[in-house]
Amino acid sequence: MNSVDFLLTNKDITYEIRTEIKRLGKPIPDLIFPKQTIYDRFKWLCGCPKRNKLFCFVCLVMGGNQSAWTLEGCLGKGRHKATD
Ligand SMILES: [Zn+2]
């Protein structure tokens, strides 16, 4: 349930499910990036093994602003700002 793929393909998630996903925590799969240290450095960062991209867990779960960090994913470059 707490996978990027689930969050991207299920847009109408109830508040209860969002809370459960937050409780489960962010998905930190091994991607093409230098191990999982990147997940420690950026607390909001999560990853999708299917797309091999990084996403913003907070925006995905809580429905934040739409950006590359919530739509197609990023490759670790570029900042994630509130105005993205
Ligand atoms: Zn975000």
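**Reading a hairpin, a core and an open helix**

Q: Where is N52 found?

A: N52 is found in the loop between β1 and β2, where helices (H or I, at least four residues) and strands (E, at least two) are DSSP runs numbered from the N terminus. Residues are numbered from 1 along each chain as its sequence is written. This is a predicted model, in which local features need pLDDT of at least 70 and side-chain atom pairs count only at pLDDT 80 or more, while totals for chains, interfaces and linings use all residues.

Q: What is the order of the elements from the N terminus on?

A: The protein has four helices and two strands, and its elements run α-α-α-β-β-α from the N terminus on.

Q: How many bridges join β1 to β2?

A: Two strands are taken to pair if DSSP finds at least two bridges between them. Here four bridges join β1 to β2, and these strands run antiparallel; G47, for instance, has L54 in β2 as its bridge partner. The two strands form a hairpin with four residues between them, and in that turn N52 has a phi near 55°, a positive value in a residue other than glycine.

Q: Is N52 buried, exposed or partly exposed?

A: A residue is buried if 20 or more other C-beta atoms lie within 10 Å of its own, exposed if 12 or fewer, and partly exposed in between, with C-beta atoms placed from the backbone. N52 has 13 C-beta neighbours inside 10 Å and therefore counts as partly exposed. Across the 84 residues in the protein, buried residues make up 26%.

Q: Which residues touch the most other members of the largest nonpolar core?

A: In soluble globular proteins, nonpolar side chains tend to be buried together. A nonpolar core is a set of buried Ala, Val, Leu, Ile, Met, Phe, Trp, Tyr and Cys residues joined through C-beta atoms within 7 Å. Of the 15 residues in the largest one, V4, L45, F55, C56, F57 and L60 touch the most other members. At least two residues of this core come from each of α1 (4–9), β1 (45–48), β2 (53–56) and α4 (57–62), and α4 gives the most, with four residues.

Q: What does V4 touch, not counting residues up to four places away in sequence?

A: Two residues are in contact if their C-beta atoms, placed from the backbone, lie within 7 Å. On that count V4 touches P27, C46, G47, C48, F55 and L60.

Q: Why does helix α2 lie largely in the open?

A: Helix α2 (residues 15–24) lies largely in the open because the number buried among its ten residues is one. This helix is followed by G25, whose phi is positive, near 95°.
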